[in-house]
Amino acid sequence: MSTTSRTTSDVLLEAKDVTAGYTPGVNILNNCSLTLHKGEIVGIIGPNGAGKSTLLKALFGLLSVQSGSITHRGESIVGKHAHELVERGIGYVPQRENVFPSLSILENLEMGIYLKPKQFRERSESVMEMFPRLGERKNQRAGSLSGGERQRVAIARALVTGPACVLADEPTGNLDRQSAEQVFSLMLSLARQQGTAFVVVTHDERLAALCDRQWRLVAGRLQPA
């Protein structure tokens, strides 16, 4: 979808002047604004400690917003819990502690869609087609996987609900170059063919350059990259 063809009705997620932090009075994000359209991939880059992960946590209801607004399809989601946002069609891929290590790959996917158990078989089969290696090892305990394989499980778990948009924190961070490109190609395919939108935090500026738009987060403030 080209920038010129986007309309207000295409907006999935919108943050306006969001200020947030972990300690009252100590803000990590300062007046951050961001708009995500259907079928769009937005890249967030910036130095370590700039607040990139904090931004995604604020968008996904894992962090209290001190001021500003966040809407999904025009409705406020400030104060909503993460499970409520999943029901609304928002997925989240955390950077760390992103799998249930004692559960199998298949059980990890089941945790991703526990709110809609009747859809699990169909959706899990669909996701396994995207990640055939996971399908081959679906009964293996996630804790025994490499960092890159765990990252794939985390991405697959976010996708198993068929979300309209996904907030992904370093989704290719633990992957080798070839695997990273494959994962990014998958995101591009989902965006272009199914209209799934992504906000992707990444340190890889080469992959970020492939996003539809880039933002740089510096000292808690978003700037066009």
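Rings of Phe, Tyr and Trp (its six-membered ring) count as a pair if their centres lie within 6.5 Å, and the pair is called stacked with planes under 30 degrees apart, edge-to-face with planes over 60 degrees apart, and tilted for the rest. By that rule, a search of the whole structure turns up one aromatic pair. F60 and Y92 make it, and they are stacked, at 4.8 Å centre to centre with 20° between the planes.

A quick word on the ground rules. This is a predicted model, so local features need pLDDT of at least 70 and side-chain atom pairs count only at pLDDT 80 or more, while totals for chains, interfaces and linings use all residues. Residues are numbered from 1 along each chain as its sequence is written, and side-chain values use heavy atoms, with hydrogens and water left out.

**The aromatic pair and its surroundings**

- The pair links distant parts of the chain: F60 sits in the loop between α1 (52-59) and β4 (65-72), Y92 belongs to strand β6 (residues 90-93), and 32 residues separate them.
- Both F60 and Y92 are buried, where buried means under 20% relative accessible area, exposed means over 50%, and partly exposed is in between (1.4 Å probe, protein chains only).
- Helix α1 is mostly covered too, with six of its eight residues buried.
- Those buried residues are K52, T54, L55, L56, A58 and L59.
- Just after α1, G61 adopts a positive phi of about 75°.

**Overall build**

- The protein has eight helices and 10 strands; helices (H or I, at least four residues) and strands (E, at least two) are DSSP runs, numbered from the N terminus.
- Its radius of gyration is 17 Å, close to the 17 Å that the globule rule gives for 225 residues, so the protein is as compact as a globular protein of that length.
- For that comparison, the radius is taken over C-alpha atoms, and the globule rule is 2.2 Å times the number of residues to the power 0.38.
- The C-alpha trace spans about 45 × 40 × 35 Å along its principal axes.
- Of the 225 residues, 48% count as buried.
- Among contacts (heavy atoms within 4.5 Å) with a separation of 6 or more, 70% come from residues 24 or more positions apart.

**Surface and charge**

- The accessible surface comes to about 11,000 Å², and 47% of it belongs to carbon and sulfur atoms; the areas come from the Shrake-Rupley method with a 1.4 Å probe, and for residues only the protein chains shown count as cover.
- There are 26 positive and 22 negative side chains, and the centres of the two sets lie 1 Å apart.
- Lys and Arg count as positive and Asp and Glu as negative, with His and the chain ends not counted.
- Each charge is placed at NZ of Lys, CZ of Arg, CG of Asp or CD of Glu.

- Q95 lies in the loop between β6 and α3 (105-112), and its 26% relative accessibility makes it partly exposed.
- Leaving aside neighbours within four places in sequence, Q95 is in contact with S53, Q151, D169 and E170.
- M130 lies in helix α4 (residues 120-130) and, at 23% relative accessibility, counts as partly exposed.
- With neighbours within four places in sequence set aside, M130 is in contact with L159, L186 and L190.
- M130 and D10 are 120 residues apart along the chain, and their C-alpha atoms are separated by 26 Å.

- T71 is in strand β4 and counts as buried at 19% relative accessibility.
- Not counting residues up to four places away in sequence, T71 touches L12, L13, E14, S76 and I77.
- N30 is in strand β2 (residues 29-37) and is buried, with a relative accessible area of 19%.
- N30 touches V18, T19, A219, G220 and R221, again not counting residues up to four places away in sequence.

- Most residues other than glycine have a negative phi.
- N31, which is not a glycine, has a positive phi of about 55°.
- N31 is found in strand β2 and is partly exposed, with a relative accessible area of 44%.
- R73 also has a positive phi, near 55°, and is a residue other than glycine.
- R73 sits in the loop between β4 and β5 (75-76) and is exposed, with a relative accessible area of 52%.
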